[in-house]
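Try each task before you read its solution.

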Amino acid sequence: MSRRRADVFFYGLFMDQELLRSKGLRPENAELASVHGLALRIGQRAALVPTPGSRVYGLVMSLTVAELEKLYSEPSVQAYKPEPVLAQVASGGTIAALCYNLPQPPAATESNPEYAARLRTLAEKVGLPAEYLGSIR
């Protein structure tokens, strides 16, 4: 198993460190973060779409490359592909991170109220800004 680690910006249900641990992963160094120029869109799952002036919030965590390969080999998330982002971390500064996103985001008319409700609950638990919580729908 590769021990090389990568910083990853999570914005969906994978922000849940307990969920990641239940899958046999060992996330480290979790920190609140945001990425400018992207907006959250929820279809069957969460995705990000380029949107000037927007900001998406989530957590940056460190996982091994092997753990990321294992996580994103699951059928429900196989379509997600890594792309580089610059994440502003709560402690100050900006770091380069990977962000797994759908190459083809869900249509703006698509929705998943159950997923959105679970994501809102998790976002509140991890401490994302209150004004952002209201935008998760």
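**Exercise 1: One asparagine**

N112 is buried, because its relative accessible area of 16% falls under the 20% cut-off. Keep in mind that this is a predicted model.

Task: find where N112 sits and which residues it is in contact with, leaving aside neighbours within four places in sequence.

Solution. 
- Step 1. Locate the loop between β5 (94–101) and α3 (113–126); N112 is found there.
- Step 2. List the contacts beyond four places in sequence: I42, G43 and Q44.
- Step 3. Look for a polar atom of the N112 side chain; the backbone oxygen of Q44 lies 3.0 Å from one.

**Exercise 2: Strand pairing**

Task: work out how β4 pairs with β2 and with β5.

Solution. 
- Step 1. Take β2 (residues 28–42) and β4 (residues 81–89). They run antiparallel and are joined by two bridges. A33 has V89 of β4 as its bridge partner.
- Step 2. Move to β4 and β5. Eight bridges pair them, again in the antiparallel sense. The partner of V85 in β5 is A97.
- Step 3. Check the hairpin of β4 and β5. Four residues lie between the strands, and G92 takes a positive phi near 110 degrees.

**Exercise 3: The largest pocket**

Task: describe the largest pocket and its lining.

Solution. 
- Step 1. Start with volume: about 310 Å³.
- Step 2. Turn to the 16 lining residues. Closest to the centre are L40, R41, S135, I136 and R137.
- Step 3. Sort the lining by type: eight nonpolar, three polar and five charged.
- Step 4. Trace the sources. β2, β3 (46–64) and α4 (130–133) each supply at least two residues. The largest share, four residues, comes from β2.

Notes:
Residues are numbered from 1 along each chain as its sequence is written. This is a predicted model: local features need pLDDT of at least 70, side-chain atom pairs count only at pLDDT 80 or more; totals for chains, interfaces and linings use all residues. Side-chain values use heavy atoms; hydrogens and water are left out. Buried means under 20% relative accessible area, exposed over 50%, partly exposed in between (1.4 Å probe, protein chains only). A polar contact is a pair of N or O atoms within 3.5 Å; within protein, one must be able to donate a hydrogen and the other to accept it, and residues adjacent in sequence count only if both atoms are side-chain atoms. Contact means heavy atoms within 4.5 Å. Two strands pair if DSSP finds at least two bridges between them. On a 1 Å grid over the protein atoms alone, a cavity is a set of points where a 1.4 Å probe fits but cannot get out, and a pocket is an open set with protein on both sides within 12 Å along at least five of seven lines; lining residues have an atom within 4 Å of a point. Grid points are joined across faces, edges and corners, and a volume is the space filled by probe spheres set on the points. Ala, Val, Leu, Ile, Met, Phe, Trp, Tyr, Cys and Pro count as nonpolar, Asp, Glu, Lys and Arg as charged, and the others, Gly among them, as polar.
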